[in-house]
Amino acid sequence: TGDRVVYTGRPADAYSERRNFPAWQCVQIPDGIEDDQAAAILLKGLTAWYLLKRSYRVQAGDSVLLYAAAGGVGSLASQWAKSLGATVIGVVSTDAKAALARANGCAHIIMADDADVAGRVRELTDGEGVAAVYDSVGKDSFIASLDSLRPHGVMVTFGNATGPVDPIAPVELAKRGSLFLTRPILFDFIGTRESLLEAAAELFAVVASGTVKISINQRYALKDAQQAHIDLEARKTMGSTVLVP
């Protein structure tokens, strides 16, 4: 009683002033991290964690392609990946988002409306391709993402902003250099109390050290949640968004 805690997971329904939630899924908020920072970071930060530390373990010297690099997950993942020694190529939709992505550690920027994303990636990597692609866009970007990978590269498709990816024949991975394809989801990585606390501790450590900085660019009253969704769908948001009861 009285602990400051943060949570993420199922069941959903976080748009509320109060709720009951399984105690084992609650994580104590460390001193030095404000409530709104904790709310802004746990889901997105743990997503960045499993992308960079579990789906494809980024190594120093790697080049990686990161979609939505100025978004909530992207802003955290780009900082974290850079700290691991990676060269981050970020995909964004506006000049303002490009500036934010660069500030968060992206070495190169590709605009989302570029007709040849894979070609640009090859130019930026001296023809080699990237070690991993972190793709939250889905259907519209999937093939370009595959074409951006180096031999034995890892395609991490973790979102469907433009719709689910069409079925693909495994031979398409062979044609492009024996690629690896994974479709992870956070909750398979934090399914026990032990794994949740381990992941959260690693996340809070990089925040406490200043390696990853939290950028809350939008705050909405809880009653204005509909407008928050409208702005999100219109690509008007950058960084993290929080709802305030």
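Throughout this tour, a residue is called buried when its relative accessible area is under 20%, exposed when that area is over 50%, and partly exposed in between, with a 1.4 Å probe and protein chains only. The model is predicted, and for that reason local features need pLDDT of at least 70 and side-chain atom pairs count only at pLDDT 80 or more, whereas totals for chains, interfaces and linings use all residues. Residues are numbered from 1 along each chain as its sequence is written, and side-chain values use heavy atoms, with hydrogens and water left out.

**Stop 1**

Begin by selecting H152, which lies in strand β7 (residues 149-157); helices (H or I, at least four residues) and strands (E, at least two) are DSSP runs, numbered from the N terminus. H152 counts as exposed because its relative accessible area is 52%, and its phi is near 70°, a positive value in a residue other than glycine. Next select D126, in the loop between α4 (117-124) and β6 (130-135), where phi is near 55°, again a positive value in a residue that is not glycine. With a relative accessibility of 77%, D126 is exposed.

**Stop 2: the crossing of α1 and α7**

Now show helix α1 (residues 35-55) together with helix α7 (residues 193-208), which pack at an angle of about 100° with their axes 10 Å apart. The axes are lines fitted to C-alpha atoms, for helices over the stretch in contact, and the angles run from 0 to 180 degrees between N-to-C directions. The angle makes α1 roughly perpendicular to α7, on a scale where angles under 35 degrees count as roughly parallel, over 145 as roughly antiparallel, 65 to 115 as roughly perpendicular and the rest as oblique. To see where the helices are in contact (heavy atoms within 4.5 Å), select I41, L42, G45, L46, W49, K53 and R54 in α1, which meet L196, E198, A199, A200, E202, L203, F204 and V207 in α7.

**Stop 3: salt bridges**

A salt bridge here is a side-chain nitrogen of Lys or Arg within 4 Å of a carboxyl oxygen of Asp or Glu, and by this rule the count comes to ten. One of them joins the side chains of R4 and D35 at 2.7 Å, N to O, and this pair links distant parts of the chain, since R4 is in the segment before β1 (5-7) while D35 is in helix α1, 31 residues apart. R4 is partly exposed, at a relative accessible area of 32%, and D35 is also partly exposed, at 47%.

Move on to D36 and R219, whose side chains meet in a salt bridge of 2.5 Å, N to O. Here too distant parts of the chain are linked, with D36 in helix α1 and R219 in strand β9 (residues 216-221), 183 residues apart; D36 is partly exposed, its relative accessible area being 27%.

Then select K223 and D224, which form a salt bridge of 3.5 Å, N to O. K223 is exposed at 71% relative accessibility, whereas D224 is partly exposed at 29%. For a group in place of a pair, select D147, E172, K175 and R176, which are linked in a network of salt bridges.

**Stop 4**

Leaving aside neighbours within four places in sequence, D62 is in contact with residues including R57, G85, A86 and R150.

From there select A86, in the loop between α2 (72-83) and β4 (87-92), which is buried at 8% relative accessibility. Beyond its neighbours within four places in sequence, A86 is in contact with V58, D62 and A81. The C-alpha atoms of A86 and V64 are separated by 7.0 Å, although the two are 22 residues apart along the chain.

**Stop 5: D231**

Finish at D231 in helix α8 (residues 225-233), where a polar contact of 2.8 Å joins the side chains of D231 and Q227. D231 is buried yet has no salt bridge, and the nearest side chain of opposite charge, K236, is 4.3 Å away; for charge, Lys and Arg count as positive and Asp and Glu as negative, while His and the chain ends are not counted. Apart from neighbours within four places in sequence, D231 is in contact with Y220, K236 and T237.

Notes. A polar contact is a pair of N or O atoms within 3.5 Å; within protein, one must be able to donate a hydrogen and the other to accept it, and residues adjacent in sequence count only if both atoms are side-chain atoms.
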